[in-house]
Amino acid sequence: EGQGNASSLLQEALELCGGLGEVLPETYPLVGGRYLVDAKPGALVRRHESVESEVSGEILPGGVVTVLEVGRTEVGRTRIYTEHARLLAVGSTLENGGALPE
């Protein structure tokens with residue numbers, strides 16, 4: 001009963017606020033879900049699940065990712081598919097932009 005009441009109160013609040021956006025699903029992110037990168041200046045793509053792993057690319061705001069798998073050891077980490085990543089040169093640093101040599 002309490003959960004149904006909370007749900008109706010949330011729905012009412014969203015209606016009063018003009019639907020200020022979607023409510024995140026209970027399990028977020030969803031495997032198979034497609035998400036728009038909204039982070040500025042963008043999102044880093046890492047080689048492995050750990051936030052300490054090597055950066056291999058970046059996705060600029062507006063890029064789309066599809067979640068293939070959710071992290072097993074790191075909360076909020078995912079394995080993704082995207083066609084919007086800009087690859088960074090192996091061993092590059094973010095200070096130099098990590099651009100691949102031409």
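## Glu58, a buried acidic residue

Glu58 counts as buried because its relative accessibility is 16%, where buried means under 20% relative accessible area, exposed means over 50% and partly exposed lies in between, computed with a 1.4 Å probe on protein chains only. The structure is a predicted model, in which local features need pLDDT of at least 70 and side-chain atom pairs count only at pLDDT 80 or more, while totals for chains, interfaces and linings use all residues. Residues are numbered from 1 along each chain as its sequence is written, and side-chain values use heavy atoms, with hydrogens and water left out.

Glu58 sits in strand β3, strands here being DSSP runs of E with at least two residues and helices being runs of H or I with at least four, both numbered from the N terminus. Leaving aside residues up to four places away in sequence, Glu58 touches Ala43, Leu44, Val45, His84, Ala85 and Arg86, a contact being heavy atoms within 4.5 Å.

## Overall make-up

Of the 102 residues in the protein, 19% are buried. When contacts between residues at least 6 apart in sequence are considered, 40% of them join residues at least 24 apart.

## The open sheet

Three strands make up an open sheet in the order β1-β4-β5, with antiparallel pairing; two strands are taken to pair if DSSP finds at least two bridges between them. The edge strands are β1 (34–36) and β5 (78–81), each of which pairs on one side only. From one strand to the next the twist averages 45°, with axes drawn as lines fitted to C-alpha atoms (for helices over the stretch in contact) and angles running from 0 to 180 degrees between N-to-C directions.

Strand β4, which covers residues 64–70, pairs with β5 in the antiparallel sense over four bridges. Within this part of the model, Val70 has Thr78 in β5 as its bridge partner. The loop between β4 and β5 holds Val75, which counts as exposed because its relative accessibility is 83%. Val75 and Glu49 lie 26 residues apart in sequence, and their C-alpha atoms are 9.7 Å apart in space.

## Salt bridges

Four salt bridges are counted in the model, under the rule that a side-chain nitrogen of Lys or Arg lies within 4 Å of a carboxyl oxygen of Asp or Glu. One of them joins the side chains of Glu58 and Arg86, at 2.9 Å from N to O. This pair links distant parts of the chain, since Glu58 belongs to strand β3 (residues 55–59) and Arg86 to strand β6 (residues 85–87), 28 residues apart. Arg86 counts as partly exposed because its relative accessibility is 39%, whereas Glu58 is buried, with a relative accessible area of 16%.

Another salt bridge brings together the side chains of Glu69 and Arg79, at 3.0 Å from N to O. This pair, too, links distant parts of the chain, with Glu69 in strand β4 and Arg79 in strand β5, 10 residues apart. Glu69 is partly exposed, with a relative accessible area of 23%, and Arg79 also counts as partly exposed, at 47% relative accessibility. Glu69 and Arg79 belong with Arg72 to a network of salt bridges. The side chains of Glu54 and Arg47 likewise meet in a salt bridge, at 3.8 Å from N to O; Glu54 counts as partly exposed at 36% relative accessibility, and Arg47 counts as partly exposed at 45%.

## The largest pocket

Rolling a probe the size of a water molecule over the atoms shows where empty space is left. The largest pocket contains about 800 Å³ of space, the volume being the space filled by probe spheres set on grid points that are joined across faces, edges and corners. On a 1 Å grid over the protein atoms alone, a pocket is an open set of points with protein on both sides within 12 Å along at least five of seven lines, whereas a cavity is a set of points where a 1.4 Å probe fits but cannot get out; lining residues have an atom within 4 Å of a point.

The lining of the largest pocket consists of 27 residues, and those nearest its centre are Gly76, Arg77, Thr78, Arg79 and Ile80. Strands β1, β2 (43–46), β4 and β5 each supply at least two residues of this lining, and the largest share, five residues, comes from β4.
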